[in-house]
Amino acid sequence: MSRRTRTLLLAAALALTAAAITPVRAETVGKVGVDWLGNDIKIDAVRDPKVNGVTCHVAYFDRSVIDRLKNGNWFEDPSNNSIACRQTGPITIGDIDLSNEGEEVFRSGLSLIWKDLLVTRIYDKANDTLIYLAHSRQLTDGSAKMSITTVPLFGQTVTWEKGHPQ
């Protein structure tokens, strides 16, 4: 195999890997101005990529350029956030992580490098409920600011692609 072919195959493999780990994209569905500096509260709709029929709405603070100039700290938004998830269609659950750590559903940067807003899904088997936790993750300092919501599955028609966990 030629060097050029190997390079092309490696580039294709890297592109496929990047596509496979690309986080879910959010759609901004609301924006509310909160002051004269241009700061906003934005609301994004996030669909769970492994649970069809569930949509989460995440609200977060978006700092304006004027506020960044006034207060410094150019590269970071506050960790304040809120989440609400609801059934928005027939629920079909794919191959989800059933551990008590759950799995990341959504990630969005709150700073240039150091801080992310995350949505993590955890399945509460004992109560047959999906838990969604919105929280921030920082490289050096964790944040105690979080928001939680649940989607109960009890009494709902739910399709588990790999069978209901026992």
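Read from the N terminus, the elements of the protein chain go α-β-β-β-α-β-β-β-β-β-β. That comes to two helices and nine strands, with helices (H or I, at least four residues) and strands (E, at least two) taken as DSSP runs and numbered from the N terminus. The model is a predicted one, so local features need pLDDT of at least 70 and side-chain atom pairs count only at pLDDT 80 or more, while totals for chains, interfaces and linings use all residues. Residues are numbered from 1 along each chain as its sequence is written, and side-chain values use heavy atoms, with hydrogens and water left out.

Of its 166 residues, 36% count as buried; here buried means under 20% relative accessible area, exposed means over 50%, and partly exposed is in between (1.4 Å probe, protein chains only). The protein chain exposes about 10,400 Å², and carbon and sulfur atoms supply 57% of that area. These areas come from the Shrake-Rupley method with a 1.4 Å probe, and for residues only the protein chains shown count as cover. Among contacts (heavy atoms within 4.5 Å) between residues at least 6 apart in sequence, 48% join residues at least 24 apart.

Now to the sheet. Five strands make up an open sheet in the order E1-E2-E3-E4-E9, and the pairing is mixed; two strands pair if DSSP finds at least two bridges between them. Strand E1 (27-33) and strand E9 (158-160) are the edge strands, each pairing on one side only. From one strand to the next, the twist averages 30°, with axes being lines fitted to C-alpha atoms (for helices, over the stretch in contact) and angles running from 0 to 180 degrees between N-to-C directions.

Walking across the sheet from E1, the partner is E2, antiparallel, over six bridges. Gly30 stands opposite Ile43 of E2. The two strands form a hairpin with six residues between them, and Gly38 in the turn has a positive phi of about 95°. E2 (residues 40-47) is in turn joined by eight bridges to E3 (residues 51-62), again in the antiparallel sense. Ile43 has Ala59 as its bridge partner in E3, and Asp40 stands opposite Asp62. E2 and E3 also form a hairpin, with three residues between them. On the E4 side, E3 and E4 pair antiparallel over nine bridges, and Val54 faces Gln87 of E4 as its opposite number.

E3 is mostly covered, with nine of its twelve residues buried. Leaving aside residues up to four places away in sequence, Leu130 touches Val51, Ile93, Ile96, Arg121, Ile122, Tyr123, Thr149, Thr150, Val151 and Leu153.

Asn81 is found in strand E4 and counts as buried because its relative accessible area is 15%. Not counting residues up to four places away in sequence, Asn81 touches Ala59, Leu117, Ala134, His135, Ser136, Met146 and Ser147. Asp128 sits in the loop between strand E6 (115-124) and strand E7 (129-138). Asp128 has a phi near 45°, a positive value in a residue other than glycine. At 18% relative accessibility, Asp128 counts as buried too.
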